[in-house]
Amino acid sequence: KKYDEYYYRVIHRIAVNEDYYLINRFIYKIDDSHVGTIDHIIFGEKYIYLINAQYYDGDITGQQFDKSLILVPHKKEKKRYISNPFITTKLLLERLAMNTDIDADLMIGIVLVNKDVAINIINDSKQYYAIQINKLASLIKAIESRDIPNINEQQLDRAVKVFDKLNRRRS
């Protein structure tokens with residue numbers, strides 16, 4: 001819980017400083033028997049960032065879309081396989097794009113981890129990232145500086161309202 005609050009404060013500060021819209025704890029109905037959760041959604045000027053926060057007591061390694069990643073604990077425990085958060089983020093991003101008519105290329109999936117985690121994940125994507133919490137603001141700033149036009153105000157307003165309407169958190 002301590003890390004959830006810390007992540008929230010950092011993300012909230014980014015949203016306020018950059019004047020971005022923010023939705024926390026987005027719960028989305030995938031189908032009749034499954035729901036997905038996105039911890040934070042930031043609506044930037046050029047992209048929509050879907051952020052799932054994780055706490056790991058060790059370093060993570062593997063390939064971006066392998067079924068599992070390897071967790072190498074900081075303590076002298078054995079390394080073990082963990083479920084790959086990229087897969088969940090990718091599934092939710094694709095479903096949201098399909099059900100909102102928002103271009104998937106305008107959405108960025110981010111797996112956010114604590115700052116003492118070494119991330120050794122082979123990743124050649126410009127759409128999915130794993131990053132430590134202390135580097136999130138720099139990542140968003142770098143992505144927002146890409147040479148593409150901003151989302152226009154009406155489209156951004158519509159996107160925020162569509163996501164808000166789909167949010168099952170209130171139900």
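The protein chain has four helices and nine strands. Helices (H or I, at least four residues) and strands (E, at least two) are DSSP runs, numbered from the N terminus. The model is predicted: local features need pLDDT of at least 70, side-chain atom pairs count only at pLDDT 80 or more, and totals for chains, interfaces and linings use all residues. Residues are numbered from 1 along each chain as its sequence is written, and side-chain values use heavy atoms, leaving out hydrogens and water.

Start at the N terminus. The elements run α-β-β-β-β-β-β-α-β-β-β-α-α.

Now the sheet. Five strands form an open sheet in the order β1-β2-β3-β7-β9, with mixed pairing. Two strands pair if DSSP finds at least two bridges between them. At the edges lie β1 (21-31) and β9 (128-132), each pairing on one side only. From one strand to the next, the twist averages 35°. Axes here are lines fitted to C-alpha atoms, for helices over the stretch in contact; angles run from 0 to 180 degrees between N-to-C directions.

Look inside the sheet. Strand β2 (residues 34-43) pairs with strand β3 (residues 48-53) in the antiparallel sense, over four bridges. Here Ile41 stands opposite Leu50 in β3.

Helix α2 (residues 85-100) packs on this sheet. The helix touches β1, β2, β3, β7 (107-113) and β9; contact means heavy atoms within 4.5 Å. The direction of α2 makes about 150° with that of β7.

Two loop residues deserve a look. Asp19 is found in the loop between α1 (2-18) and β1. Its phi is near 60°, a positive value in a residue other than glycine. Asp19 counts as exposed because its relative accessibility is 70%. The cut-offs are under 20% relative accessible area for buried and over 50% for exposed, with partly exposed in between (1.4 Å probe, protein chains only). Asp101 is found in the loop between α2 and β7. Asp101 is not a glycine, yet has a positive phi of about 60°. Asp101 is exposed too, with a relative accessible area of 66%.

Step back to the whole chain. Its C-alpha atoms fill a box of roughly 55 × 40 × 30 Å, taken along the principal axes. The radius of gyration is 16 Å, which agrees with the value near 16 Å for a compact globule of 171 residues. That radius is taken over C-alpha atoms, and the globule rule is 2.2 Å times the number of residues to the power 0.38. Of the 171 residues, 44% count as buried. Among contacts between residues at least 6 apart in sequence, 55% join residues at least 24 apart.
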